[in-house]
Structures are given as C-alpha cells and as structure tokens.
Amino acid sequence: MELQHVNVKVSLPSPGGIDPEGFIPVFHGWIQDQVLEELLIDVASYAHVINGPGVVLIGHRADYSIDSTGGRLGLRYNHKAPLSGSNFERFKQSARAALQACRLLEENPQLKGLRFNAGELELFVNDRALAPNTPEIRAACEPELREFFQWLYQPIGFALELEKDPRQRFGARAKAVGAVEIKQLLERLKG
Amino acid sequence: MKASNALWKERLAGKLPEELAREIDIFETEVELRQQGKIEEKLFAETRLRRGVYGQRYDNGQRHDGKKTQSLKYPGGSTKGPNTLWDAPGMQRIKIPAGGLNARQLEVAGELAEEYSDCIVHVTTRQDFQLHFVHIEDTPVVMRRLASVGITTREACGNSVRNVTSCPYAGVCQDETFDVTPYARALSKFLLGHPDCQSFGRKFKPAFSGCKQHACGLVNMHDLGAIAVTSRENGTEARGFELYVGGGLGPIPHEAKLLDPFLPPEELLPMAQAIARVFARLGEKKNRNRARIKFLVKDLGIDKFRDLVLEERKAMPGDPRWTAFLEELDRHEEKPLRPPGQIPPAAGSEKYQRWLKTNIRPQRQEGYAVATVALPLGDITANQLRALADIVRRFTRDTIRSTVEQNFALRWISMADLPELHRALDAAGLGEPGACNLVDIVACPGTDTCKLGISSSRGLAGELRSRLATKSFQLDEAVQNLHIKISGCFNSCGQHHLADLGFYGVSRTINNYKVPHFQVVLGGEWENNAGSYGMSMFAIPSKNIPEAVDRLTEKYVRERQPQEKFKDFIKRIGRAAVKSLLDDLTGLPAYQTNPSYYSDWGDPREYTTSDIGAGECAGEVVPQVVFDLGAAEREAFEAQVLLEKGEVQKAGQMGYQAMVHAAKALVRNEFQDIPEDFERIVNEFRARFHDTQKFNDPFVGGKFAHYLFAAHKRDGAPFTLEQAQHTIEEAQLFIEASHGCYNRMVAPKAP
C-alpha cells in the first residue's frame, strides 16, 4: 500500500507554557532568509483557536506548524506533494524535515531555551482515501510503522500507540523508552 | 497535487447527485484544458470563480518579505487567471444556503480542511465556509467530497447569484412573522445555475429575514432582500414579503429600496427571476466599479426599475418551479430531539453563567433555546467540527446553522440540556461566552489571505479580542452589547458600516514609511436588518486602535443618556467631539523611536502595500455567449476523448451536440429563452444567422453552417468511425466559425 502525504509531529513539552505567536517572526524570518530548500509562501496564525494548527508556515510542497491539535503541542510537518520511493523512504523524508525544522527552531536566538522531545513522534497519513483509519489498514500498515521506528530509535526501543478513532487519520504515536537527541536522529536519517 | 485524486473520483462514481457529478466532471475537464492552454485565461478565471475557486494573496508570485519583494518560484509556468499562477494556493468557498447544515456535512468540511487546507474551516459573514491554501488541481475532488454530502460550491464566487443567506433563528425566533427558511432554500435552488443569471456584470447577493426589527437577515445591505410580512384580507391572514432591491456595502454603502410592499410567495421566484433578467440586460458590464445592481437602481430610480421588472415579469415564459416548492413548505420544519425543559437551578461555573447570559436565546417554543457557538474570528478546527457534529447528533435532530456573525447556532436545545451542552462544547474548546457581543468581533480575511487587503483586519480583531476577553464582563452592560466589525479595505467584507465601532484598512505614508491605519466608522446600526450605516471619521494608526476603542467605550459609558444607543450617542456628540477625543491617536512616533508602529498586528514584517493585487471579487466580465461557446469546445474535446476510447457512437453524438450548443450560444445572444430543443435551435440558427448571412465566413461563406445542418439531418443514424471523426472535426470548425461570427458582431463598426 502506498502511503503518501506523510505528516510527522515532534513533541514540544511546555511546562511553563509556550506562546505560539512567538514563532510568527521566526517563520517570517525563514521566508526572508530562505533557510529551507523548499518554496515557502506565507505564515498563517490560528493561535486564537484552542487546540488548533497554531502558527503555520505555508509552503508549496509542505507546511510546518507549531500545532496543538489533540492538546499536544509540537512541530508538525505536513508533506503535501506526492513523493516517489517506498513508504519507508517517505517516513524518513518527513521525519528528517520535521527534525531539521526543530533543530533550526532550537538554535534560533528569539526562542531561547526551546527544547523539542525527539523521543516522542507522531506519524500519520494525511489522506483518507489512501489510508482510511480502519482495523484492516491498521493491521496492514502497523508492521511498516514498527519497522521505521525500530530503525529510528535503535537501539533503545520504543512504544507504539496506533490512532484507533476511525474519524481521525491513520497514524501512530511512538515514544522512545530512553532519551534521544535530535542530532542523533538526524544523523541516522541522513543516510 | 494529492496522490488520491483519481481514487476519490473512482470511489465516489455513481454516488453523487447526477447533476452535481456532471458539473464537477465538466469543471475537471476545464482544469485539464486550461493546463493544456486550450482555454483562455480570463474565461478560465471566471469559470473557476463560478465554482467557488478563488485567488489568494501572493498568487501573482510576488511577496514582500519585510525587506524586499521576493519572487515565489512556483514550478509550473501556467496561469489560472490574469496574473495568477497555477501552482499558487487559493481559496475554496463553499456555499451553505440559509446557513443550514447537518452533522455529516460538518465532518466532511473538517476532513477537507485537514487534507487539502490548513486544518481550519473559516465561516464567513455570508454563512459560507472557506478553505484556504488549496491547490487548484485538488478542487474537483474537494467538490466531489462535498457533493457526496449534498453541498455545492457552484456560484460561490464570480459574477453570479451568491449564497442565499437567512436569519439563523428563522422558525424559532420569538417575534418573527413566519419562518423564511423554505423560501430562502427555494430561491437558492431555483437561481442556482439559472440561465438568466449567467451574464451579470457583478455578483448578486440575496438575503431573507423573518422580521424587520432584528439584525439577523441584514436585508437592507443586500442586492435582493425579502422580509416576511403578513396581510389580512376578509379575515384571512396571508403570507408575503416586503421585497427590497439595490442595497449593498462596498466603498459607498447603499440602503436597499422597497420594490414591493407585499409580494405573495407564489411571486417570489418569478419576481427574483425578472429582477435578474433586468440586471443582466441593463446592468453595467464594462466598469466593474459601477456594475452592482445598486447602481442600476440608483441610475434608473426605483420607480422606473420597478416598471421594467414588472414588464419583464409579464413577458417571461411560465415555469412550474415557481410554485412547486409551496407544496412542500412543511418539509423544512425542524423538530426537537428531546422534550422541552427548564434550565436546572444548580449554579454552575462562572463561565457557564456568562455563557447562559450571552450565548443562549430562548425560542418561541416553550422550553427550548438556541445556543450560539462563538467562533474566534470565524475559525474552527477539524477536531472541533467533529465534536460539534457529535453534539448536533446528541442534542438536535441533526441540524445546525452558520450565522452572519461567523458563528454557529444550535437550535431546538431543550433548556434542561443546557448544562450538559455547555460541558460538551467546552470540552471541544467551543464553550466560550460572549457570542454576538463586544468580544465577538467580525473580521474579513484582510491581508492574511485577501489580494485586496490593505491592513490586517484579523490581526486587529485578534488583538482586540484578547484584550477585551479578559475584561468584557467587568465592562458596563451597555458596552458589552456593542458590535465591532473590521474590514481589511474599503470593500466592506467585514461589514464595518453596520457596526457600532467599525474599522476598515487604509495606509498612510509618513516620513517615507508606509504605515498601516484603520479608518474609524462609528454608529452603524446592526439591528433593523442593518438599519443605517455608520459615520466615517478619520484614520488612526493600526497600533492605536485598541486605545481608541477604550476611549470611545469609556466616554459612552460616562456620558450616555438613559437608554441611549451608541449610534444615537455618536450622532449627538458629533464628529468634533470624537476628533477631540482621539486626535492625539492619529499621530505616531518616528520609526527610529518605535518601529512597531510600522508593522501590522500579527505580522512583524515592515508594512508595505506592494502586495496588494487585483481582486477577484468582481471576477472577469465574460459574456454568456463566450461561456456557452467554451462549453461547446469542451464537448468537442470530450468527443475526441470518447473516440480515443473507441466509443464511436457516443463520440459522434457528442460532436454533433457540440455544434448544436455552439449554434445555441449565438441564438441565445438574441433570443434569451431559446429552449433546449435541437430542432428549434437549428431552425432559429438558420433563420437568424445563416439566412441573414451573419454567420458567413469572409472567405468561405456559409460552408461551416452546412456542417451543422448535415449533422442535424442524420437524425440519429449510427456513426461509422470515419463519420464520427469527421463530425468532431466539423464541430471544431463550426465552433471556430461561431467565435468568428460573435467577434464580428461585437467589433466596433468602421466609421
């Protein structure tokens, strides 16, 4: 089964509270300085909506957002354009793009002290035709997800929780069982 | 753009209403033809607008990043309209007639927002939905998925009849005359795609209201407005409408004029059709700034306009649909799911008590209430839409309405259920109090996504909202009930003319810097169906508007007379007093002292007006004949596709049909009511164009007309492959000749 439009969300713990609007100037700066290889178009703010997409950096092929959907804050990477290759390669591409964006944000002086939790990732397929969230699809695709997270989080291991609500998109949340650094994962995803 | 577009088409095949499916297939073909350069860009622009596919800011490939204008290098070179790049994301507007929705429709809207947009559905001031940042190639599938739940995007934009709006409390309001919902729906259905509504110079917006005194229908600001009234004759009460025409906001607002003080229901549809025909025939086509019907009514005067409409009405051929809907008025009546009740006496939280006070409106049906779901800036997420769908199923008989204040109204809620309802809404982040009051600010998209936006209406609305939310319940009650409405420019999509405190975006150049400002418009009247428009004052820098709001509301509380409304207060104190109150706020510090004044709310880029583009509100004025010839061309293209698939008979028939429709396009230019009868069309064409030699090509004379006559003479005989091929080729030549004929007809005559 071909899984396209893969989204990856990296958890952003916010014990003291994080104001999503603080990301607006940063994302505008990314457009100004063209810090990413892809075409970035604009910044949309939905910070006024509870548990919503927050602040979205709109791109041509992909969007980046500081998203609090489901009450879970994180950086979400939404790959909109179809990609060639295997599902594993598409998982890798989205994870790499999301984690690279997290690293850039952590390094940004305007967002001092920001720390993403690379040990907690959500991966879902933003397409209900390709991957309806049914028991059959979950059964068919779970091994591929496990294989990917196994590879990503080796050697420490992980726990995987599939999204079971049929109205939500097919996907899962993976939690590494130990500490993981963005740098480590990016190194692995480079290959 | 989406990998699953073909899959959706396959999956939904045969599951959509036939007419909607056909329309969407046609649009999809038009998208393909434009990509191949086979449709001219202006025609395609108006075509997509009439499917609700709208342009967005920066779609010309230019964006000022705060330092310089950057070129947005989209991969595709094609355009989807003049100066509008193919790959630039756009907006999809979705029509919601009378704001009426069910739970499944909410869920589908949410799914589309997640998969094709940015996870947000935006509710507009005309009860529509909008999805932003949608790719043009995904729009046919978006339309199919909407059609699968009975929603169309047809004529949501462009020079067409836009969404028919209606009071969201219709049928349950305490003091309405009668429920206007079935009438609004009937008009919406009747005018959708109606041939008489295809050649307007601009858009045409209808609205319905069940009473005169409330705001909910905003009839006074609409192109066509109907207010429910009754008359009593011989002891019997009869329903009717006060029919208004020619209202509108825009840069210069016009109040609607009374066309008929009592229009019987059976005359509603034919009268609207007659108005549309007069507007199509006499309305301005070249100067789009004067092309709305309000200008025609103003220029002719309401009496002359009325005479023309009545004359038209008499001449129109009859249509059984005019009255068919009257037999099923009861079908629209909503019923409660749960038994009536009383609000439980238990106190509840402070938030709940506030919500009860501002968001709950008792119905005229004892024991029931309407609960307004307040959406911040009209935005709602996909998860919230799913939660709302669950709430709709749990507390109502599967109905909900969007409102012109960019909210939702849940009707027929048993009063006994209110605490439970609030808990459910609150769990979804939808239980905020303050609906329809000071905090519930209306704003158009402004510079966020609109090509015409001058200042950030949503940015300002968000700022005012967060400031006022913390203190609104401590404010004087008179202030709590004021309305703030904000437009990003003078075109008034945020309806600023109707607000107590209205603002619209302007810019000023100060010391060589562009500075975002808002023009202050005070004392508009929201009630009485947008009873009167506000007074324009002066411009204030964007960053000083919150302070201006504070000062104006404080002065109102301090100095108002007992029961004095804000509009009366403003009228009494006058412009001079307002100027004196806010004068110091019209200035601003030097850039070096405080550069924040030189960027807009919610947008840290240094402000510029260089991103303003050509708007698509007016669309392109494309004559009906050009649309019809475009449709004939598409049929010829489809005929070729059928031939390639080996479907010879269908291909030949389609080629013939394309020729007849091209002929009809020319005939309709002279004979508006030409029926869809091939024999009649060919005969009319022969008499009007062939026999008069108007169709004759300058070089080959009447040759191409004979292609049509020969194809028509076949009278259904089967096609060989060669005959089908010839017919399609002849159809293409005939359509070209029809274009040539039309061009000769409209070319300026040599002196």
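1. Strand β10(B) and strand β11 (residues 206–209) of chain B run parallel and are joined by two bridges. Thr165(B) sits opposite Ala207(B) in β11(B). On terms: helices (H or I, at least four residues) and strands (E, at least two) are DSSP runs numbered from the N terminus, and two strands count as paired if DSSP finds at least two bridges between them. This is a predicted model, where local features need pLDDT of at least 70, side-chain atom pairs count only at pLDDT 80 or more, and totals for chains, interfaces and linings use all residues. Residues are numbered from 1 along each chain as its sequence is written, while chains are lettered from A and ligands numbered from 1 in the order in which they are written.

2. That pair belongs to an open sheet of five strands in chain B, ordered β10-β11-β12-β13-β14, with mixed pairing. At the edges are β10 (165–166) and β14 (257–263) of chain B, each pairing on one side only. Strands of a sheet pair through backbone hydrogen bonds, either parallel or antiparallel.

3. Now for β19 (residues 408–414) of chain B, where seven of the seven residues are buried. Buried here means 20 or more other C-beta atoms within 10 Å of the residue's own; exposed means 12 or fewer, partly exposed is in between, and C-beta atoms are placed from the backbone. Strand β16 (residues 368–373) of chain B runs antiparallel to β19(B), with five bridges between them, and Val373(B) stands opposite Phe408(B). Strand β18 (residues 400–402) of chain B also pairs with β19(B) in the antiparallel sense, over two bridges. There, Ser402(B) has Phe408(B) as its bridge partner. The β18(B)–β19(B) hairpin has five residues between the strands, and Gln406(B) takes a positive phi near 65 degrees in it. Worth a glance if you check backbone torsions.

4. What about chain B as a whole? It has 23 helices and 26 strands. Its C-alpha trace spans about 85 × 70 × 55 Å along the principal axes. The radius of gyration of chain B is 27 Å, which agrees with the value near 27 Å for a compact globule because the chain has 751 residues; the radius is taken over C-alpha atoms, and the globule rule is 2.2 Å times the number of residues to the power 0.38. Of the 751 residues in chain B, 54% are buried. Contacts (C-beta atoms, placed from the backbone, within 7 Å) between residues at least 6 apart in sequence join residues at least 24 apart in 71% of cases in chain B.

5. The largest nonpolar core has 227 residues, and those with the most contacts inside it are Leu75(A), Ala98(A), Leu187(B), Ile275(B) and Leu388(B). Helix α7 (residues 268–282) of chain B gives the most to this core, with ten residues. Apart from it lies another core of 40 residues, including Val660(B) and Cys741(B). A core is a set of buried Ala, Val, Leu, Ile, Met, Phe, Trp, Tyr and Cys residues joined through C-beta atoms within 7 Å. As for Leu187(B), leaving aside residues up to four places away in sequence, it touches Val164(B), Pro206(B), Leu268(B), Leu269(B) and Ala272(B).

6. On domains: chain B is divided into domain 1 (5–147), domain 2 (173–332), domain 3 (350–427), domain 4 (442–606) and domain 5 (624–746), with bounds from an automatic or database domain assignment. The C-alpha centres of domain 1 and domain 3 of chain B lie 30 Å apart. Their contact takes 22 residues from domain 1 of chain B and 20 residues from domain 3 of chain B. On the domain 1 side, α4(B) gives the most, with eight residues. That side has ten nonpolar, eight polar and four charged residues. The classes are Ala, Val, Leu, Ile, Met, Phe, Trp, Tyr, Cys and Pro as nonpolar, Asp, Glu, Lys and Arg as charged, and the others, Gly among them, as polar.

7. How many residues does each chain give to the contact between chain B and chain A? It takes 37 residues from chain B and 34 residues from chain A. On the chain B side, α4(B) provides the largest share, four residues. This side divides into 14 nonpolar, seven polar and 16 charged residues.

8. Last, Lys164(A) lies in the loop between β7 (158–162) and β8 (171–176) of chain A. Why does Lys164(A) count as exposed? Because it has 10 C-beta neighbours inside 10 Å.

Methods
Two residues are in contact if their C-beta atoms, placed from the backbone, lie within 7 Å.
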